[in-house]
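Keep the structure open while you read.

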Amino acid sequence: MVKILHLSDIHMGSGFSHGRIDPQTGLNTRLLDFTAALERCIDRAISEPVDLVLFGGDAFPDATPLPMVQEAFAQQFRRLADAQIPTVLLVGNHDQHAQGRGGASLCIYRTLGVPGFVVGDTLVLHRLETSQGPAQVLTLPWLTRSTLLTKRQTEGLSLAEVGALLLDRLQAALEGEIRKLDPDQPAILLAHLMSDRAQLGAERMLGVGKGFSIPLSTITRPEFDYVALGHVHKHQNLNPNNQPPVVYPGSIERVDFSEENEEKGYVLVTIEPGERGQRQTQWEFCPLPARPFRTLRVDLADCDNPLAELLGAIDPAAIEGAVVRLVYRVRAEQLHQIELAAVRDRLAAAHTYSLQAELISQLARPRLPNLDATTLDPLLALEAYLGERSDLKNLADDMIEAARDLLGYASPAIVVNLPEPATAQTANPDFPDPESSPGQNPAATSTAELATDAHDGEPTSPSTNGPDRAVQSPAIDRSGQLRLL
């Protein structure tokens, strides 16, 4: 029986903005969090002990991590070399330089010749000797378009055609390595990829779009006893019938708030001996005590006492030791009521916290339901508006009085009676229509059209060729009345 520990997506050195400086070590507390999570994984590997450790890629946030971050990573994996546990380090997208050329952050282990360590930066089959006998690991690192295709091969092709060509190349290369497998030995595919059936986590913000998705059917092959994946931070098994299991262990520590509700951990795998098709594979997800992330959202827009409401939404016991972000919606005129010192005192139990005030734009406020812009007098509109603004009640009378002075009066809707629709008017000789034909009465024509439109329920503007020229943007109802606003 071969026992394997499968972990992935350590991202050591991430999330420093969510930490603080530890006074004893001088290091960022988030670096200590990630180191503690990795240490628990290595502790379990040694205490079991396991026969093989598989790392699914993305050791660091990028290919050039800080020296202190590299040191923290190396100190833990050296323990596996000291315990003589074979280890495969797969190159993920964050371990590569730009354009996917090289895996500088992990290839140093091959250069140094660390005993028992294998760096998987190419699609190739590795035969390993474990304490329980031989095991086969086929490594499939993160692949980009430039890895499989040249620029000349993709010229003139659409994105869909490029994607199809990439999959054809990958399937051909994968098939060639699968044919090298010994059916009498356990076989594992270790791949850093985005499967088309995976549910995304934080990797959607960490450059997931730079590669391409691989169909689940491409990697769910009966020749494998277990498919160990990396890249997706959310733990999941893509093949529920477990023939074979296709497992993302997820990341070992939360990277940001997108992983707030995700459980973190690693996977223990056991493969029973036997021939291909008769070997039984069992696996177990092992949770880790990751740093909690908490998001508190409070809407203060309709509160008379926004500070009391905000403080009441913060439970010190629920946020103890957590990375907290407090998001509160507030109107601009309420900001002076928020005492930030009191809010910070209430958040003191958190590991770290951030405050995010979301100002409600006055333009986004809904229209008052009792306002009809087609007939309402400006003074009535002002009175209705002030009735909804309790904060202006002390100024309401003065504002209304000033509006009366500006308007001179509260102007109601003015009604102008038009002639009966069927009655034609005599043309006004003082306003000839230069475009009308000789002998045609322009006033009679426009009035007749107006009467016809009003009768049909499709009112139009009256003629501008007569005395009615002063009427601006009228509205005509079925009774033939013209309403001026």
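Let's start with a pair out on the surface: Asp82 and Arg78 are both exposed. Keep in mind that this is a predicted model. The count of salt bridges in it comes to 17, and a few of them are worth a look.

**Salt bridges**

- Asp82 and Arg78 join their side chains in a salt bridge, 3.7 Å from N to O. They sit four residues apart in helix 2 (residues 67-82), so about one helical turn separates them.
- Arg279 pairs up with Asp225, with the closest N and O atoms 3.1 Å apart. Arg279 is in the loop between strand 13 and strand 14, and Asp225 is in the loop between helix 7 and strand 10, so this pair ties together parts 54 residues apart in sequence. Both Arg279 and Asp225 are buried.
- Glu253 makes a salt bridge with Arg30, at 3.6 Å between the closest N and O atoms. Since Glu253 is in a loop and Arg30 is in helix 1 (residues 29-47), the pair ties together parts 223 residues apart in sequence.
- Glu253 counts as buried because its relative accessibility is 2%, and Arg30 is buried too, at 0%.
- Arg30 and Glu253 also belong to a salt-bridge network with Asp33 and Arg291.

**A negative patch**

- Asp397, Asp398, Glu401 and Asp405 gather in a patch of negative charge on the surface.
- Glu401 lies in helix 11 (residues 396-407) and is partly exposed, at 45% relative accessibility.

**Around Asn237**

- Asn237 is in strand 11 (residues 236-237) and counts as partly exposed, at 23% relative accessibility.
- Leaving aside neighbours within four places in sequence, its contacts include Pro245 and Trp283.

Technical notes
Residues numbered from 1 in each chain as written. Predicted model: local features only at pLDDT ≥ 70, side-chain atom pairs only at ≥ 80, totals over all residues. Heavy atoms only, no water. Patch = residues over 30% accessible without salt bridge, like charges linked within 9 Å, V, L, I, M, F, W, Y side chains within 5 Å. Areas by Shrake-Rupley, 256 points an atom, 1.4 Å probe, with all protein chains shown as cover. Salt bridge = Lys/Arg side-chain N within 4 Å of Asp/Glu carboxyl O. Lys, Arg positive; Asp, Glu negative; His and termini not counted. Charge placed at Lys NZ, Arg CZ, Asp CG, Glu CD. Helix = DSSP H or I, 4+ residues; strand = E, 2+ residues; numbered from the N terminus. Buried < 20%, exposed > 50% of the residue type's maximum accessible area, 1.4 Å probe, protein only. Contact = heavy atoms within 4.5 Å.
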